Amino acid sequence: MKKVVKFKKLDPDAILPDYAHDGDAGMDLYSIKEEIIEPLSWKLIPTGLACELPENTEGQVRSKSGIALKNGVFVLNSPGTVDENYRGEIGVILYNLNTKEPFLIKKGQKIAQFVINSIEYVETVEIQELSNTDRGQGGFGSTGLSKKC
């Protein structure tokens with residue numbers, strides 16, 4: 001059974017998120033106004049939507065791969081999180097990595113993806129020692145480069 005996400009239009013020009021294809025993980029989010037993002041700058045782009053997420057879920061705002069690849073524009077805090085108890089407008093912080101060209105966002109343009117994920121809540125406990133593993137404290141780059149690189 002599908003979960004239901006309720007959306008409220010805060011602007012009459014807002015477009016409800018939708019899946020472009022069956023099987024897509026993310027719904028498209030749309031801009032409600034025209035904006036220009038200057039090179040190496042970011043801007044909060046309004047969607048004109050608020051939502052009511054199902055219990056124990058979050059909404060993740062993610063970059064559109066086509067915009068990122070073709071224009072160097074992506075969601076700055078990717079993924080941005082919309083908590084289940086948030087009822088304000090969903091905004092998308094877009095960053096223009098292009099050093100020379102401004103990026104024009106048109107009204108009604110797809111600007112990001114919205115993915116709904118289940119959340120598992122945990123209890124935190126302070127301990128004195130962690131269990132040992134083969135990896136241990138090996139962090140960034142500790143497993144070496146892939147032979148396919």
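Modeller: Let us begin with the contacts of Asn-96, where contact means heavy atoms within 4.5 Å. Leaving aside its neighbours within four places in sequence, Asn-96 touches Ile-37, Glu-38, Pro-39, Leu-40 and Ser-41, then Asn-71, Gly-72 and Val-73, and also Glu-101, Pro-102 and Phe-103.

This is a predicted model, in which local features need pLDDT of at least 70 and side-chain atom pairs count only at pLDDT 80 or more, while totals for chains, interfaces and linings use all residues. Residues are numbered from 1 along each chain as its sequence is written, and side-chain values use heavy atoms, with hydrogens and water left out.

Asn-96 belongs to strand 9, which covers residues 91-96; strands (E, at least two residues) and helices (H or I, at least four) are DSSP runs numbered from the N terminus. Asn-96 counts as buried because its relative accessibility is 0%, buried meaning under 20% relative accessible area with a 1.4 Å probe, protein chains only.

The side chain of Asn-96 has two partners in the backbone. A polar atom of this side chain lies 3.0 Å from the backbone oxygen of Ile-37, and the side chain also reaches the backbone nitrogen of Asn-98 at 3.0 Å.

As for the setting, the protein contains 1 helix and 11 strands. Of its 149 residues, 30% count as buried. Among contacts between residues at least 6 apart in sequence, 72% join residues at least 24 apart.

Notes: Buried < 20%, exposed > 50% of the residue type's maximum accessible area, 1.4 Å probe, protein only. Polar contact = N/O pair within 3.5 Å; in protein donor to acceptor, adjacent residues only side chain to side chain.
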